[in-house]
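Student: Please take me through one loop of this model at close range. Then connect that loop to the sheets, pockets and packing around the rest of the chain.

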Amino acid sequence: MEQFPRVHRLPPYVFAQVNELKMKMRHQGADIVDLGMGNPDLPTPQHIVEKLMEASQKSTNHRYSASKGIKGLRLAIANWYLRRFGVELDHDQEVVVTMGAKEGLAHLALVMLSPGDVVFAPDPAYPIHPYAAIIAGADVRRIPMGKGRDFLEDLQTAVKQTWPKPKLLVINYPHNPTTICADVAYFQKLVDFAKEHGMYIIHDLAYADFTYDGYVAPSFMQAKGAKDVAVEFFSLTKSYSMAGWRVGFCVGNRDMVQALTRIKSYLDYGIFQPIQIAACTALNGPQDCVREIMDVHQDRRDALIEGLHRAGWMVEPPKATMFVWAEIPDEFKHMGSVEFSKLLLREAEVAVSPGLGFGNYGDDHVRFALVENRHRINQATRNLKKFFGK
């Protein structure tokens with residue numbers, strides 16, 4: 001595939017080594033507790049499923065849909081933002097529906113960026129955040145993110161050292177994988193930074209609802225002037241446990257939203273209309289189901305943290321996301337995250353994601369995903385306790 005330049009710029013999939021060992025062990029009969037991939041395991045709430053079933057029975061919904069999303073869904077998104085964050089959006093000009101946040105982010109990068117453009121992205125980061133720019137032919141400058149670092153200060157330093165000046169910053173709070181959180185005051189500093197340096201911002205708000213211990217995740221759009229420089233993506237994947245449905249959206253800066261709308265008009269005919277109708281029900285309907293999904297994940301988080309502590313692995317509980325970002329114990333740090341993850345698979349039958357898969361600055365961590373029930377999580381921590389000899 002080396003003759004295909006966009007593929008050639010993509011590195012080997014770091015997670016593949018761990019996944020290959022996991023599958024081999026499973027074929028040999030091992031009972032692996034898989035806390036690696038963040039694939040939601042809870043069912044979609046029943047009232048959303050029922051709306052899909054009802055809408056799919058109508059033949060008028062079987063035709064091509066609108067690539068930018070049906071009007072009802074765009075209105076539901078605008079109303080959700082107003083209720084949730086007090087942010088007003090023009091459903092026609094400032095909202096576009098996407099096939100999950102990942103597709104939308106990648107296509108927005110494709111329409112915004114050209115070879116030679118510079119993009120800033122955190123390290124570690126969810127892979128599509130830097131690689132959307134790389135696929136588009138741009139150059140990515142990775143900005144370290146983690147405990148003890150000042151991301152904004154590192155951004156200021158990076159701007160001084162970068163030529164040409166960056167065109168785009170891609171961020172994600174609450175952050176996957178580090179679980180770092182932000183407030184509106186911090187977002188305001190990023191808006192001011194973007195305006196000062198003439199750059200755009202893409203913010204991924206995938207974990208808006210996955211918050212614990214009193215923390216409330218804000219929207220980037222709540223910062224004054226955010227619409228001047230930024231868009232925000234949200235997906236129904238996590239909050240409504242609709243991973244396979246592939247429904248997301250992009251809101252904010254009119255020029256960016258319209259650029260994404262235009263390229264999508266060439267690329268697709270929109271999501272299957274009954275899915276969009278069901279998504280309206282999710283956003284407009286009762287939100288108790290979201291809280292119930294969050295409560296399950298908080299219970300899993302507590303179980304995992306308590307179990308890790310009993311095993312002698314003193315990991316700080318995250319305030320948000322469906323992940324636990326765990327620093328590798330000192331005695332194993334020399335191995336790096338890939339070999340340590342493989343060791344946990346072989347010796348404790350627990351699968352985690354190596355931090356290296358999210359960037360070089362993640363190589364001293366592994367990521368646990370809260371995608372197994374409490375019983376299985378307890379099994380995992382018992383295995384780890386035995387592995388650590390506690």
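## A loop and its setting

Tutor: Start with Thr179, which sits in the loop between β5 and α8. Helices here are DSSP runs of H or I with at least four residues; strands are runs of E with at least two; both are numbered from the N terminus. The model is predicted, so to speak of a local feature takes pLDDT of at least 70 and to count a side-chain atom pair takes pLDDT 80 or more, while totals for chains, interfaces and linings use all residues. Residue numbers run from 1 along each chain as its sequence is written, and side-chain values use heavy atoms, with hydrogens and water left out.

Thr179 has a phi near 70 degrees, a positive value in a residue other than glycine. Pro174 is in the loop between β5 and α8 (184-197). Its bond from Tyr173 is cis, with omega near -10 degrees. Pro177 is also placed in the loop between β5 and α8. Asn176 and Pro177 are joined by a cis peptide bond too, with omega about 15 degrees.

Now the sheet that holds β5. It is open, has 7 strands and runs β2-β8-β7-β6-β5-β3-β4, with mixed pairing. (Strands pair if DSSP finds at least two bridges between them.) β2 (95-98) and β4 (139-144) are the edge strands; each has a single partner, so one side of each lacks a neighbour in the sheet. From one strand to the next, the twist averages 20 degrees. Val95 has Val251 of β8 as its bridge partner. α5 packs on this sheet and touches β2, β5 (168-172), β6 (200-204), β7 (230-235) and β8. Contact means heavy atoms within 4.5 Å. The direction of α5 makes about 155 degrees with that of β7. Axes are lines fitted to C-alpha atoms, for helices over the stretch in contact, and angles run from 0 to 180 degrees between N-to-C directions.

There is another open sheet. Its 3 strands are ordered β9-β12-β11, and the pairing is antiparallel. β9 runs antiparallel to β12 (residues 365-369), joined by 5 bridges. Trp325 has Arg367 of β12 as its bridge partner.

A probe the size of a water molecule, rolled over the atoms, shows where empty space is left. On a 1 Å grid over the protein atoms alone, a cavity is a set of points where a 1.4 Å probe fits but cannot get out; a pocket is an open set with protein on both sides within 12 Å along at least five of seven lines; lining residues have an atom within 4 Å of a point. Points are joined across faces, edges and corners, and volume is the space filled by probe spheres set on them.

The second largest pocket has a volume of about 750 Å³. It is lined by 27 residues, with Lys147, Thr178, Glu316, Trp325 and His365 nearest its centre. β9 (residues 323-327) gives the largest share of that lining, 4 residues. The lining divides into 16 nonpolar, 5 polar and 6 charged residues. In this scheme Ala, Val, Leu, Ile, Met, Phe, Trp, Tyr, Cys and Pro are nonpolar, Asp, Glu, Lys and Arg are charged, and the others, Gly among them, are polar.

The largest pocket has a volume of about 1300 Å³. Its lining has 49 residues; Tyr13, Phe15, Lys102, Tyr126 and Pro127 lie nearest its centre. The elements giving two or more residues to it are α2 (15-27), α5 (100-112), α6 (128-135), α10 (236-239) and β11 (353-354). α6 gives the largest share, 5 residues. By class, this lining has 27 nonpolar, 13 polar and 9 charged residues.

The whole structure has 1 cavity of 30 Å³ or more. The largest cavity holds about 40 Å³. Its lining includes Val97, Thr98, Lys264 and Asp268. That lining has 4 nonpolar, 5 polar and 2 charged residues.
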